[in-house]
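User: I am new to reading protein models, and I would like to go through one slowly with you. Could we take one feature at a time, with the general idea placed beside the case at hand?

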Amino acid sequence: MANKAAVYARIDTKLKENAEEILSQLGITPSAAIQLLYTQIVLTRSLPLNLRLPSSKPTSIGGMSRAKLDVELLKGVKSLKSEKTYTADEIDAELKKEFGI
């Protein structure tokens, strides 16, 4: 068995709760997250902080409830009434920014 050492740190309670909720969603324990962080620090000789939940994915019409579909359709109607239009390039850029597609 490998040698193990404990790491103790005092952090804000709300920060801890929020971080552990995200770690739970990622399927990572706090101890594993610290192990990952330390491993990356050693490998990169830097502080690599680029871990995050994936951005939300757009919902297909088939995945929407009737109420959600009505809300989305009303947004479109309001947009048409305000005469705000978007080019295909603007829509592509927004989809890439928001959903990575």
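User: Let me begin at the start of H1: which side-chain oxygen reaches to the backbone nitrogen of Lys14?

Analyst: Before the answer, please note that this is a predicted model, in which local features need pLDDT of at least 70 and side-chain atom pairs count only at pLDDT 80 or more, while totals for chains, interfaces and linings use all residues. Residues are numbered from 1 along each chain as its sequence is written, and side-chain values use heavy atoms, with hydrogens and water left out. The oxygen belongs to Asp12, whose side chain reaches to within 3.1 Å of the backbone nitrogen of Lys14. The general idea is the polar contact, a pair of N or O atoms within 3.5 Å; within protein, one must be able to donate a hydrogen and the other to accept it, and residues adjacent in sequence count only if both atoms are side-chain atoms.

User: How many helices and strands does the protein chain have?

Analyst: Helices (H or I, at least four residues) and strands (E, at least two) are DSSP runs, numbered from the N terminus. In this case the protein chain has 4 helices and 0 strands, and along the sequence the pattern reads α-α-α-α.

User: What span should the residues of helix H1 have, and how far apart are its end C-alpha atoms?

Analyst: The expected span of a helix is 1.5 Å times one less than its number of residues. For helix H1 (residues 13–26), the 14 residues should therefore span 20 Å, and its end C-alpha atoms are 20 Å apart, which agrees. The 15 residues of H2 should span 21 Å by the same kind of estimate, and its end C-alpha atoms, 21 Å apart, agree with that.

User: Which residue follows H1, and what is its phi?

Analyst: After H1 comes Gly27, whose phi is positive, near 75 degrees. Just after H2, Arg45 takes a positive phi of about 55 degrees, although Arg45 is not a glycine. Arg45 has its place in the loop between helix H2 (30–44) and H3.

User: Is Arg45 buried or exposed?

Analyst: Buried means under 20% relative accessible area, exposed over 50%, and partly exposed in between (1.4 Å probe, protein chains only). Arg45 is exposed because its relative accessible area is 78%. For the protein chain as a whole, 2% of its 101 residues count as buried.

User: How many salt bridges are counted, and which residue pairs with Lys16?

Analyst: A salt bridge is a side-chain nitrogen of Lys or Arg within 4 Å of a carboxyl oxygen of Asp or Glu, and by this rule the count comes to 5. Lys16 pairs with Glu20, with the closest N and O atoms 3.2 Å apart. Both residues lie in helix H1, 4 residues apart, about one turn of the helix. Lys16 is partly exposed because its relative accessibility is 38%, and Glu20, at 30%, is partly exposed as well.

User: Why do residues three or four places apart in an α-helix point the same way?

Analyst: An α-helix has 3.6 residues a turn, so residues at that spacing point the same way. In helix H3, Asp70 and Arg66 are 4 residues apart, about one turn of the helix, and form a salt bridge with their closest N and O atoms 3.4 Å apart. Asp70 counts as partly exposed at 34% relative accessibility, whereas Arg66 counts as exposed at 62%.

User: Which residues form a nonpolar patch on the surface?

Analyst: Patches are made of residues with over 30% relative accessible area and no salt bridge, where like charges are joined within 9 Å and nonpolar side chains (Val, Leu, Ile, Met, Phe, Trp, Tyr) within 5 Å. Here the nonpolar patch consists of Tyr86, Ile91, Leu95 and Ile101, which together have about 390 Å² of accessible area; such areas come from the Shrake-Rupley method with a 1.4 Å probe, and for residues only the protein chains shown count as cover. Tyr86 sits in the loop between helix H3 (66–81) and helix H4 (88–99), and counts as exposed because its relative accessibility is 51%. Leaving out residues up to four places away in sequence, Tyr86 touches Ser79 and Ile91, where contact means heavy atoms within 4.5 Å.
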